[in-house]
Amino acid sequence: MADVHDSKTRSKNMRAIKNRGTAIEKKVAELLLKSGFSFREQVQDLPGKPDFVIDDYKAIIFVHGCFWHRHDCYLFKVPATRTDFWMNKIQNNVKNDQSTMRELASSGWRILIVWECCLKGRLKLSNRELMTRIEEWLCASSSHADMDIKGIHQLNV
C-alpha cells in the first residue's frame, strides 16, 4: 500500500505530533489534582524527563502512547508503509524506555506506566477506575508497574 501523502506532507504531519502536554497526559494531571496529589511535570533533571514526579511517594508516572512505545493492545498496529523504518524507530523507543527505567529504579524511584489504551478509545477505563488504580499503586505498592485496560501489572525493571 502506497503512502497517501507526499514526503513533505507526511513530514509536516509528523512534526505536528506533540511529545508533551498531550491529551492523555492532561487527563492524568487532572485526575492527580482532583485526588489531591502534588506533582511536578516533565522533570528535565531526571532520566527520560518523566511525565509526572510525585516526590512525596518517590514515584514516577509515565504516560505512554501505545503506538510509540509498542504496547500489545488493540491500539497498536504495525504500519503498512515504511514498515522497517517505523519498527526500528519504535524498537529504539522501547530500548530507551528500558534504559531510563533501570536508571530511575537504581536511584530509588518507583515507576508506573499508564498506557494510552486505558485513557482513550472504546475500551478506556472510567475516571474512577483510573484514579482508584493509580491511588492504590501510589499508596500501597512498592513495586514498578504498568496499567492498561486489564489492570495493574508488576514490571521487572
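Two strands pair if DSSP finds at least two bridges between them. Helices (H or I, at least four residues) and strands (E, at least two) are DSSP runs, numbered from the N terminus. The model is predicted: local features need pLDDT of at least 70, side-chain atom pairs count only at pLDDT 80 or more, and totals for chains, interfaces and linings use all residues. Residues are numbered from 1 along each chain as its sequence is written, and side-chain values use heavy atoms, with hydrogens and water left out.

The sheet comes first. Strands of a sheet pair through backbone hydrogen bonds, either parallel or antiparallel. Here, six strands form an open sheet with mixed pairing. Their order is β1-β2-β3-β4-β5-β6. β1 (40-41) and β6 (151-155) are the edge strands, each pairing on one side only. β1 pairs with β2 (residues 52-54) in the antiparallel sense, over two bridges. Within this pairing, Arg40 stands opposite Val53 in β2.

Next come the nonpolar cores. A nonpolar core is a set of buried Ala, Val, Leu, Ile, Met, Phe, Trp, Tyr and Cys residues joined through side-chain atoms within 4.5 Å. Buried means under 20% relative accessible area, exposed over 50%, and partly exposed in between (1.4 Å probe, protein chains only). The largest core has 24 residues, and Leu32 and Ile61 have the most contacts inside it. Two or more residues of this core come from each of α2 (23-34), β2, β3, β4, α4 and β5 (144-148). A second, separate core has 15 residues, including Cys66, Trp109, Ile113 and Cys117. Contact means heavy atoms within 4.5 Å. Beyond its neighbours within four places in sequence, Leu32 is in contact with Phe37, Phe39, Phe52, Ile54, Ile61, Met131, Ile134 and Leu138.

Aromatic rings were then examined. A pair of aromatic rings is described by the distance of the centres and the angle of the planes. Rings of Phe, Tyr and Trp (its six-membered ring) pair if their centres lie within 6.5 Å; planes under 30 degrees apart count as stacked, over 60 as edge-to-face and the rest as tilted. The structure holds seven aromatic pairs. The rings of Phe37 and Tyr57 have centres 5.7 Å apart and planes at 65°, so this pair is edge-to-face. The pair links distant parts of the chain, 20 residues apart. Phe37 lies in the loop between α2 and β1, and Tyr57 in the loop between β2 and β3. Phe37 is buried because its relative accessibility is 10%. Tyr57, at 31%, is partly exposed. Elsewhere, ring pairs link Phe67, Trp68, Phe76, Phe85 and Trp86 into a cluster.

Cysteines follow. A disulfide is a pair of cysteine sulfur atoms within 2.5 Å. A search of the whole structure finds zero disulfides. Cys117 is in none; the nearest cysteine sulfur, that of Cys66, is 3.9 Å away. Cys117 is buried, at 0% relative accessibility, whereas Cys139 is exposed, at 53%.

Two loop residues complete the picture. His71 sits in the loop between β3 (59-64) and α3 (83-106). With 8% relative accessibility, His71 counts as buried. Its side chain makes a polar contact with the side chain of Asp148 (3.4 Å). A polar contact is a pair of N or O atoms within 3.5 Å; within protein, one must be able to donate a hydrogen and the other to accept it, and residues adjacent in sequence count only if both atoms are side-chain atoms. Glu116 lies in the loop between β4 (110-115) and α4 (127-140). Glu116 is also buried, at 14%.
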